[in-house]
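This report is meant for someone meeting the structure for the first time. It begins with the chain as a whole and then turns to one helix and to the nonpolar core.

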Amino acid sequence: MNQPKLDLSPKVSDEIRKTTCYMCACRCGINVHMKDGKVAYIEGNRDHPVNKGVLCAKGSAGIMQVNAPSRLRAPLKRVGPRGSGEFEEISWDEALGIATNWLEPIRKDDPSKLAFFTGRDQSQSFTSFWAQNFGTPNYAAHGGFCSVNMAAAGIYTMGGAFWEFGQPDWDHTKLFMLFGVAEDHDSNPIKMGIGKIKARGARVIGVNPIRTGYNAVADDWVGITPGTDGLFILSMVHCLMKAGKIDVNYLAQYTNAPCFVNGDEKSSEFGLLLRDDDGKELVMDRTTGKLTPFDQKGVKPDLAATHRHAGITHNTVMHHMADRYLSDDYAPEAVAERVGISAQRIRTLAAEIARVAFDEAFELEQEWTDFRGQTHKTMQGRPVSFHSMRGISAHANGFQTCRALHVLQILLGSVEVPGGFRFKPPYPKPATAHPKPHCKVTPGAPLDGPHLGFTHGPDDLALREDGTPARIDKAFSWDNPMSSHGLMHMVISNAYAGDPYKIDTLFMYMANMSWNSSMNTRGVIDMLTDTDENGDYVIPRIIYSDAYSSEMVAYADLILPDTTYLERHDCISLLDRPICEADAAADAIRWPVIEPDRDVRGFQSVLCDLGARLNLPGFTNEDGSQKYDDYADYIVNHERKPGIGPLAGWRMGENGTQSGRGAANESQLENYIENGGFFVEHIPQGANYYKPWNADYQDWAVGMGLYDSPQPYLFSLYVEPMRRFQLAAEGHGDRQPPDHLRDRIKATMDPLPIWYDPAAENRADEFPITALTQRPMAMYHSWGSQNAWLRQLHGHNPLYVPTKLMRENGLQDGDWARVTSPHGAITVPVLEMAALNENTVWTWNAIGKRKGAWALDENAPEATRGFLLNHLIHELLPPKGDGLRWANSDPITGQAAWFDLKVRIEKTDPPTESQPAMDPVKSPVGRGPKDLTWKVGK
Ligand code: SF4
């Protein structure tokens, strides 16, 4: 037979280098196949705890990211006007000299004149350490415009939230409910989890106005009205409480449900929890009938007790919850119209959750001992789990909505139990175990502590002596007292307005603030380019670091070009947002699997250099020399506390390497590389559930350096710090809010979850349709938008319009519509989508590009048919006639309320391209070639 000779197993690479993906924030392990020193292809690492070999479209397209024509090539100094894109390439010495000359005098004089904000980086424990050493109070990352409501509500309620904080018990859950999750946050792990539970016959319910991604593979899709998730959840809470389908044993033992709320209306502590002299919450012990601190050995807290003292009756949190949620206000019939889900369906969903949680409950034969010293023979499984993300949190009621979801989980007893939701180390970690915000500025010296943290009452606010906000973004002020991640989206507008004060230098990293990361894109561009009466820019200096020629580059004065993720060191640290699993602590690194072919440097290494030039104590040796040669040196040798460094694996002990605590080990990075780029330490059997209360877990966590001592705590169905802010608004205490905020604080900072209409001020009569965005699965995190492979999937974005609105407006696929909000208008192509809430339109976010950015052709579909909804959104709400402009954000955390956008649409003649079409910027990297082809290897 004359058969062709086929090589069925061609040699694809000379070498495999194992590192961590950064095409999105999931941090999967990847095997980078090298041929002739170049990246030949990328596959998933089968041994990696996060993805177990699974690789998504983005991950494999990383090869086009490291070859993208849009990569910046050298430091740049602006030579044309801001926004022109005219730069000249300069040396690193000159660039760092300029930065030092700008920053040194600020630090000596007033460090708060520097605003240092980072976007989607994964090194926040490092960048915050740098900013703290500089001494500015003005530091945060992008959480304020992303999902701080989710993170903060989770930590205040139960010591952790979804995604990086925890995960469903994929091995045991039988009902998985998603709220407001697109295909992102998170990606591979959720896909793998859904695959796993579906193979077992478990049910998936997706609650989302848009049926795409995970909602498209859900068994049930609930096309809720945007912004009403909290009301829907509290209605299900009503049904469950009414039916008695709550886990009273769990509530009594592990939550503050049996704690007493001070009922003395005349007291300055009215509404706070009763505590003993040591500050411990008091419960009524069912055995003794006496008031007892909650954590005493053998105590059996009574949910239904009352405590009468001095003629005053104090009731438990459970009592207050029953009063509120059993009210007919939360009955399905009362909420159905507003949430867009029939009363019958709400009841059916609540009944299904209850059936699975209680009728399909099971026990694991695993003994464990709780913090009260009681040993339990088994672990009680409640196989219902939830996951949620930006969809419910990016509203002005997002914090309370996220709280409501956590309360629902807790009422079911399905947190940290088999089948339910489980924390990933270093979580659980209650708000009380996190730092408080710090803002004390001393010229020439570091800040007095970490910038970000958790407030527990007015005393923790970041205010100046005159009561004005201490931070440029007004985080931790009366405007948004619990803004744990800062408010990056307000920095430019506040700096421009000089409110609360002027700054000198805006220093940003990986944050596309002149494009898709800002509300009011046109307005922000104007703020960045506007000059004062002397002809000087209102924001005097802007330094920006990015790996790519993004839209923001044109608006900076000095560009510090970053590397791509395959050319750098990184650590995905337990001090930050690690890659842990519910059963294990884990962290990971990136390392340069290829060397940059351009004059670029990893941003964190640049900060090590700049920190030394500025004599920052954390970056300078006693003799004045540079402390860390680069970021790799910092990763290995920095100690946050004695024996605790950025990486937990392969630290030095007395008898060789050890995990968690230990001295620095010069071979640590090599150890990681040999192990595939990651480190895992499994939690011992029996310690891996009930983590907040499990004595064995607490001891293990102390050994790993996650805690300094065991710190069991109660879940907070009732978030007492919120009541402290209300008390201040009612006139108690020395620190008082401004009068115009009193009513809002009283109304919104309820210690038990409430629902209010997040878009009540948005003129719903004129603008009746909600407009949303999502990131597509292939481009979760927008830095992949110019990727040559991924662009073929999403080169432009239509506005998806539900069938009803298509018919009402006489629209057909391919027509164009004018979309108008109270703030502006855009003209865009439309496409019909049936599986969509009938009063909602949506599009993919960040596909539209500015002409000249990202090295794309000016006629690229991203620039001609792509568009942003950002033009329709403003950081301030429309005027409501009280002389004030209120922020378009959550009043508790300040999270940007992206998804409260209301619009109207009308058919229009097709323009030549999407509107508004902005003038092109000059590309500092030129334009990419028409064809981009190369062959790796012979
Ligand atoms: S899910 Fe994210 S981290 Fe994982 S392979 Fe895909 S892009 Fe990379």
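## Surface and overall form

What does the accessible surface of the chain come to, and what percentage belongs to carbon and sulfur atoms? In this predicted model, the accessible surface comes to about 33000 Å², and 47% of that belongs to carbon and sulfur atoms.

The C-alpha trace spans about 85 × 80 × 75 Å along its principal axes. A compact globule with 938 residues would have a radius of gyration near 30 Å, and because the chain has 27 Å, the value agrees with that expectation.

## Secondary structure and contacts

The chain contains 24 helices and 36 strands, and 64% of its 938 residues are buried.

## Helix α3

Helix α3 covers residues 92-109, and since its 18 residues should span 26 Å at 1.5 Å a residue, the 26 Å between its end C-alpha atoms agrees. The buried residues of α3 include Trp92, Ala95, Leu96, Ile98 and Ala99, and Trp102, Leu103 and Ile106 are also among them.

## The largest nonpolar core

In soluble globular proteins, nonpolar side chains tend to be buried together. Here the largest nonpolar core has 273 residues, of which Trp130 and Phe232 touch the most other members. Helix α8, residues 229-242, supplies the largest share of this core, with nine residues.

Leaving aside residues up to four places away in sequence, Phe232 touches Met177, Phe179, Val207, Ile224, Val339, Ile341, Ile346 and Leu349.

Technical notes
Residues are numbered from 1 along each chain as its sequence is written. This is a predicted model: local features need pLDDT of at least 70, side-chain atom pairs count only at pLDDT 80 or more; totals for chains, interfaces and linings use all residues. Side-chain values use heavy atoms; hydrogens and water are left out. Helices (H or I, at least four residues) and strands (E, at least two) are DSSP runs, numbered from the N terminus. The expected span of a helix is 1.5 Å times one less than its number of residues. Buried means under 20% relative accessible area, exposed over 50%, partly exposed in between (1.4 Å probe, protein chains only). A nonpolar core is a set of buried Ala, Val, Leu, Ile, Met, Phe, Trp, Tyr and Cys residues joined through side-chain atoms within 4.5 Å. Contact means heavy atoms within 4.5 Å. The radius of gyration is taken over C-alpha atoms; the globule rule is 2.2 Å times the number of residues to the power 0.38. Accessible areas come from the Shrake-Rupley method with a 1.4 Å probe; for residues, only the protein chains shown count as cover.
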